Amino acid sequence: MNNFYIGQEVSIEKEFVKSDVLAFSKITGDVNPLHLDSNFAQKSRFGAPIVHGMFIAGVISNVVGTRLPGKGSIYLEQNLRFLKPVYVGESVIVRVKIIDILWAKRIVCLETNVYAKSMVCKICGNAKILYEGES
């Protein structure tokens with residue numbers, strides 16, 4: 001845990017292709033036509049199918065569990081504000097950044113944001129992680 005520092009960050013890029021959105025719908029049972037039906041979504045405020053918010057949140061979880069803090073991470077809290085939609089076929093940048101460390105409790109506080117390639121913030125959030133990985 002001593003390898004962590006405030007300001008440390010990791011970013012990954014993820015493209016949300018239609019087949020992945022369909023698979024997420026099948027796994028979760030969330031078949032909201034905003035995600036799956038082009039005709040329905042076209043008539044909505046979004047104008048086209050959008051990616052499930054919880055699918056995007058799962059990519060944040062990927063970073064937390066595999067990269068920062070990494071193996072041994074246990075979610076205690078996660079909040080998200082959905083500012084702009086992520087469209088099916090769009091690529092985003094998921095950025096996780098350490099904003100505080102409570103060493104005695106082994107808790108790492110994170111900023112968890114998702115950006116368009118233009119760096120417009122699509123989703124902003126914070127997480128609190130109990131880190132039980134290697135010291």
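1. A residue is called buried here when its relative accessible area is under 20%. The model is a predicted one. By that cut-off Phe16 is buried, because its relative accessible area is 0%.

2. The largest nonpolar core has 27 residues, and Phe16, Val94 and Leu110 are the ones that touch the most other members. Two or more residues of this core come from each of E1, H1, H4, E3, strand E4 (107-116) and E5. Helix H4 gives the largest share, six residues. As background, nonpolar side chains in soluble globular proteins tend to be buried together.

3. Helix H1 covers residues 18-28, and its buried residues are Val21, Phe24 and Ser25. Viewed down the axis of H1, these buried residues fall within an arc of 100°, so they line one face of the helix. They pack against helix H2 (33-36) and helix H4 (53-66). The face of H1 that is turned away from the buried side carries Lys26 and Ile27, which are exposed. Gly29 follows H1 and has a positive phi, near 80°.

4. There are three aromatic pairs in the structure. In one of them, the ring centres of Phe4 and Tyr131 are 5.0 Å apart and the ring planes stand at 85°, so the pair is edge-to-face. Phe4 belongs to the segment before strand E1 (9-15) and Tyr131 to strand E5 (residues 121-131), so this pair ties together parts that are 127 residues apart in sequence. Phe4 is buried, with a relative accessible area of 10%. Tyr131 also counts as buried, at 7% relative accessibility.

5. Phe16 and Phe55 form another pair: their ring centres are 5.0 Å apart and the planes are at 80°, so this pair is edge-to-face. Phe16 is in the loop between E1 and H1, while Phe55 is in helix H4, so the parts tied together are 39 residues apart in sequence. Phe55 counts as buried at 14% relative accessibility. Ring pairs link Phe16, Phe24 and Phe55 into a cluster. Phe24 is also one of the buried residues of H1. Lys14 lies over the face of Phe16, at 5.7 Å from the ring centre.

6. What surrounds Glu90, leaving aside its neighbours within four places in sequence? The residues in contact with Glu90 are then Lys14, Glu15, Phe16, Pro85, Ala116 and Lys122. Glu90 itself is placed in the loop between strand E2 (73-82) and strand E3 (91-102). It counts as buried, at 17% relative accessibility. The side chains of Glu90 and Lys122 are joined by a polar contact of 3.0 Å. The Glu90 side chain also reaches the backbone nitrogen of Tyr87, at 2.8 Å.

7. Leu110, named above among the core residues that touch the most other members, has contacts in several stretches of the sequence. With neighbours within four places in sequence left aside, the residues in contact with Leu110 include Val64, Leu68, Pro69, Val96, Ile98, Gly125, Ala127 and Ile129. Two of these contacts, Leu68 and Pro69, are joined to each other by a cis peptide bond, with omega about 0°. Pro69 is in the loop between H4 and E2.

8. Thr66 is located in helix H4. A polar atom of the Thr66 side chain lies 2.6 Å from the backbone oxygen of Asn62. Thr66 is exposed, with a relative accessible area of 52%.

9. The last point concerns backbone geometry. Most residues other than glycine have a negative phi, and most peptide bonds are trans. Arg106 is not a glycine, yet its phi is positive, about 60°. This residue is found in the loop between E3 and E4, and Arg106 is partly exposed, with a relative accessible area of 27%. Met119, also not a glycine, has a positive phi of about 75°. Met119 lies in the loop between E4 and E5 and counts as partly exposed, at 36% relative accessibility. The bond joining Leu68 and Pro69 is cis.

Note on methods:
Residues numbered from 1 in each chain as written. Predicted model: local features only at pLDDT ≥ 70, side-chain atom pairs only at ≥ 80, totals over all residues. Heavy atoms only, no water. Buried < 20%, exposed > 50% of the residue type's maximum accessible area, 1.4 Å probe, protein only. Helix = DSSP H or I, 4+ residues; strand = E, 2+ residues; numbered from the N terminus. Arc of directions from axis to C-beta. Contact = heavy atoms within 4.5 Å. Polar contact = N/O pair within 3.5 Å; in protein donor to acceptor, adjacent residues only side chain to side chain. Phe/Tyr/Trp six-rings, centres within 6.5 Å; stacked < 30°, edge-to-face > 60°. Lys NZ or Arg CZ within 6 Å of the ring centre and 35° of its normal. Core = buried A, V, L, I, M, F, W, Y, C linked by side-chain atoms within 4.5 Å.
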